Amino acid sequence: MHIADGILPPAWCLAGHALALGAVGLLGRRVEPAEVARMGMMSAAGFVVSMLHFPLLGTSVHLGLFGFTGILLGGRAFPVIYTTLLFQALLFQHGGLLALGMNAMNMGLGALAAMLLWRAPGLPEVVRGGLAGFVGTYLPALLLVGEFEAAGYGKGFAAIAAVYLAVAVIEGALTATAVTFVRQAKPALLEGR
């Protein structure tokens, strides 16, 4: 779901950069040394999983781990996703440098929404994990579809939304499973410690 350069108007991309860099500065300040390893782990996991493409509904997709990143890192997920996207753009041309801000906003907002769902009381942990994984993936897809529609770029937005609905269901199931595993193996990770 990376946006390439040349699709969105340059003014939108510049606004995306301003917002993304502001969010990186705000959510990435005063990082504690104990957080660095977890941030690096999730950045590496997101980078690697995005290299593993699989066929789905006539196209090729990959997971993003935005929901799981939001659960484990909270607000720190945004600077981690920004950095991961920067390296993907530089090394593999996933997305573009001009569109980096918009990509970071879309995917970072998915992670922040997942964080809020995870912290919502009243639902069992596995359900919150599944919802966080689903929303962490589907919200960025919906934002991308809306941006493409608003920019007048191409057609077939319902197909994009359908493909990413399936990806979001898979991410939700994987995130619920991962949360269950982490709760048994290292519960402090789920509590931000």
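When I say nonpolar core today, I mean a set of buried Ala, Val, Leu, Ile, Met, Phe, Trp, Tyr and Cys residues joined through side-chain atoms within 4.5 Å. Hello everyone, and please keep in mind that this is a predicted model.

Let's begin inside. The largest nonpolar core has 29 residues, and the members that touch the most others are Ile 71, Leu 72, Phe 78 and Leu 190. Which elements give two or more residues to this core? They are helix 1 (10-27), helix 2 (33-49), helix 3 (66-73), helix 4 (77-92), helix 5 (100-119) and helix 7 (157-185). Helix 5 provides the largest share, with 9 residues.

Have a look at Ile 71 with me. Setting aside residues up to four places away in sequence, Ile 71 touches Trp 118, Gly 129, Ala 132, Thr 175, Val 179 and Leu 190. There is also a second, separate core, made of 12 residues, including Val 49, Leu 63, Ala 141 and Tyr 164.

Now for a polar residue, Ser 43, which sits in helix 2. Is Ser 43 buried or exposed? With a relative accessible area of 18%, Ser 43 counts as buried, because the cut-off is under 20%. Beyond its neighbours within four places in sequence, Ser 43 is in contact with Val 80 and Thr 84.

Phe 87, Leu 90, Leu 91, Phe 92 and Leu 97 make a nonpolar patch of about 480 Å². Of these, Leu 97 is placed in the loop between helix 4 and helix 5, and Leu 97 is partly exposed, at 44% relative accessible area.

Thanks, everyone, and I'm happy to take questions.

How values were computed. Residues numbered from 1 in each chain as written. Predicted model: local features only at pLDDT ≥ 70, side-chain atom pairs only at ≥ 80, totals over all residues. Heavy atoms only, no water. Buried < 20%, exposed > 50% of the residue type's maximum accessible area, 1.4 Å probe, protein only. Helix = DSSP H or I, 4+ residues; strand = E, 2+ residues; numbered from the N terminus. Contact = heavy atoms within 4.5 Å. Patch = residues over 30% accessible without salt bridge, like charges linked within 9 Å, V, L, I, M, F, W, Y side chains within 5 Å. Areas by Shrake-Rupley, 256 points an atom, 1.4 Å probe, with all protein chains shown as cover. Salt bridge = Lys/Arg side-chain N within 4 Å of Asp/Glu carboxyl O.
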